[in-house]
Amino acid sequence: ETQPCERRQLLATSAAVAAVAILCLVVFIPATDFGKRKNSWNDFESILLLDVGRVAWAVAWAVITVLCYYGYLPLTNAFLSHPGWTPFVRLTYGAYLLHPLVIKLAAGTSVQYYTFSGMEVCYRFIGNCLMAYASAIGLWCLIERPIMTLTTAGLKPRSIQQKIESSNSGPALESAAGTGESSEPSRGVLPSSP
């Protein structure tokens, strides 16, 4: 019985290593088209990275997600599910939706063409992230949270008092009226004084 378990653990570890390797490959392979070898890729290589790279990125993260879900990567799961990530989780979708607007706004209001240096790219990356998350905070405060509050209020269950009143007027009491007992279990409500 231990062999299938060991085999599954080995397979899970291999899948995790392959997924991390694919993620690193997708991130670092574009560096082969910069510097002294700038623009050395032909159209096929560029299209291959754009088409296959995004699918490979998604599949690699899906593998890591499934391995975390089934408990094969407990340290990764503990890190990714830490409560400290909660604010970012709530804002990430808003930042994802708003970042193209932030990028286009920055590009549209630029007074010169972009120049690409390490510091320039780093500065734009940090600025775009900060502006996208700041916009996501505004979106969350002005739209998402009020809608969540309204939805929660609309779906809120009836109050306990309403449940007690509706259960006291139900057919169970009428059928048990002759015996003096209720067929429903007591809900811990004190009887009213006569």
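What is the relative accessible area of Glu120? And which residue does its side chain meet in a salt bridge?

Modeller: Happy to! The model is a predicted one, where local features need pLDDT of at least 70 and side-chain atom pairs count only at pLDDT 80 or more, while totals for chains, interfaces and linings use all residues. Residues are numbered from 1 along each chain as its sequence is written, and side-chain values use heavy atoms, leaving out hydrogens and water.

Glu120 has a relative accessible area of 27%, which means it is partly exposed. On this scale, buried is under 20%, exposed is over 50% and partly exposed lies in between, using a 1.4 Å probe and protein chains only. The partner of Glu120 is Arg124: their side chains meet in a salt bridge with an N to O distance of 3.0 Å. The rule here asks for a side-chain nitrogen of Lys or Arg within 4 Å of a carboxyl oxygen of Asp or Glu, and by it the count comes to one salt bridge. Both residues belong to helix 5 (residues 118-155), where they are four residues apart, about one turn of the helix. Helices are DSSP runs of H or I with at least four residues, strands are runs of E with at least two, and both are numbered from the N terminus.

Arg124 has a second contact. Its charged end sits over the ring of Tyr114, 3.5 Å from the ring centre; for this, NZ of Lys or CZ of Arg must be within 6 Å of the centre and within 35 degrees of the ring normal.

Cys129 is in none, and its nearest cysteine sulfur, that of Cys122, is 10.0 Å away. Cys129 counts as partly exposed because its relative accessibility is 31%, and Cys141 is likewise partly exposed at 45%.

Stepping back, the chain holds seven helices and zero strands. Of its 194 residues, 13% count as buried.

Pro87 lies in helix 4, and its C-alpha atom is 9.8 Å from that of Ile137, 50 residues apart along the chain. Pro87 is partly exposed at 46%, whereas Arg90 counts as exposed at 51%.

Finally, there are the rings. The structure holds five aromatic pairs, one of them the edge-to-face pair of Tyr69 and Tyr70, at 5.0 Å centre to centre with 85 degrees between the planes. Rings of Phe, Tyr and Trp (its six-membered ring) pair if their centres lie within 6.5 Å, with planes under 30 degrees apart called stacked, over 60 edge-to-face and the rest tilted. Tyr69 and Tyr70 are both exposed. Trp57 sits in helix 2 and is partly exposed at 35%.

Notes. A disulfide is a pair of cysteine sulfur atoms within 2.5 Å.
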